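Have the sequence and the 3D view open while reading.

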Amino acid sequence: MTATTATQPKTSQLKTILIVEDDPMMQLGLQHILNNQPHLTVVAQAVNGNEAVSAALQHQPDIALMDIDLPGIDGIAAAQQIRAVLPHTRILMLTHHSNPTQVMAALSSGAHGYCVKGTNAEQLLAAITTVQEGGSYLVDPKIADCVLQNLKTPLPESYANDDIKLTEREMQVLQQLVEGKSNKQIAAQLGMSVHTAKGHVEMIIAKFEASDRTQAAVKALRLGLV
């Protein structure tokens with residue numbers, strides 16, 4: 001079975017979304033919610049991990065909304081493959097899993113957000129907006145608690161707080177980063193330009209020797225810096 005393509009055309013004003021979900025009713029519900037938003041359009045749907053990767057390569061969506069339990073390769077493996085070739089595609093997991101192993105595996109795969117199925121439309125759209133703007137979404141209390149519990153495992157003794165030297169301003173930005181704020185939201189909160197906020201975030205990522213903002217936030221939490 002091949003991925004199905006939506007008939008609504010992509011425009012420069014719209015953020016494009018790939019839905020990866022093998023439940024037909026869930027697919028229809030998600031498409032209805034998303035296509036009713038003036039700034040979003042579903043460009044394709046896929047029902048398994050292999051289709052998800054193919055559809056992502058073909059359509060290069062802004063956002064991939066992805067289940068974990070999929071036929072063929074699962075959503076975590078598919079997310080890793082998509083992130084490897086499409087680093088600008090933001091990935092939001094939408095799944096019934098809330099156990100620590102699945103949550104941490106999904107985040108390690110490069111996912112930018114994690115929602116539990118049953119999330120209402122308003123929360124889902126808030127999650128999409130957050131990851132679309134460059135933030136990370138873990139607002140669901142179950143997921144946030146799961147992540148925080150896993151972050152209690154200490155880092156190796158060789159990796160200490162003293163290895164990270166942040167300015168006062170970078171510490172302020174880091175606090176916002178850990179809360180999952182996008183560059184735009186950080187700029188508004190701290191009274192700086194988006195360009196300046198982006199520069200601080202990039203410097204923080206470099207100082208933590210992290211691959212992205214999520215990994216930097218994880219390291220900061222594990223080191224007890226925030």
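Axes here are lines fitted to C-alpha atoms, for helices over the stretch in contact, and angles between them run from 0 to 180 degrees between N-to-C directions. The model is a predicted one. Two packed helices are described by the angle between their axes and the distance between the axes.

**Helices α7 and α9**
- Helix α7 spans residues 168-178 and helix α9 spans residues 194-207; their axes come within 10 Å and cross at roughly 90°.
- Angles of 65 to 115 degrees count as roughly perpendicular, so α7 is roughly perpendicular to α9.
- On the α7 side the contact is made by Arg 169, Glu 170, Val 173, Leu 174 and Leu 177, and on the α9 side by His 200, Val 201, Met 203, Ile 204 and Lys 207.
- Of the residues in this contact of α7 with α9, 6 are nonpolar, 1 is polar and 3 are charged.

**Helices α2 and α3**
- The axes of helix α2 (residues 49-59) and helix α3 (residues 75-85) lie 9 Å apart, and the helices pack at an angle of about 20°.
- The two helices, α2 and α3, are therefore roughly parallel to each other.
- Their crossing, α2 with α3, is right-handed.
- From α2, Gly 49, Ala 52, Val 53, Ala 56 and Leu 57 meet Ala 78, Gln 81, Ile 82 and Val 85 of α3.
- The contact of α2 with α3 has 7 nonpolar residues, 2 polar and no charged.

**Gln 27**
- Gln 27 sits in helix α1, which covers residues 24-35.
- With a relative accessible area of 13%, Gln 27 is buried.
- The Gln 27 side chain reaches the backbone oxygen of Glu 21 at 2.6 Å.
- Apart from neighbours within four places in sequence, Gln 27 is in contact with Ile 19, Glu 21, Gln 45, Ala 46 and Val 47.

Methods
Residues numbered from 1 in each chain as written. Predicted model: local features only at pLDDT ≥ 70, side-chain atom pairs only at ≥ 80, totals over all residues. Heavy atoms only, no water. Helix = DSSP H or I, 4+ residues; strand = E, 2+ residues; numbered from the N terminus. Buried < 20%, exposed > 50% of the residue type's maximum accessible area, 1.4 Å probe, protein only. Polar contact = N/O pair within 3.5 Å; in protein donor to acceptor, adjacent residues only side chain to side chain. Contact = heavy atoms within 4.5 Å. Parallel < 35°, antiparallel > 145°, perpendicular 65-115°, else oblique. Nonpolar A, V, L, I, M, F, W, Y, C, P; charged D, E, K, R; others polar. Left-handed = near helix turned anticlockwise from the far one by under 90°.
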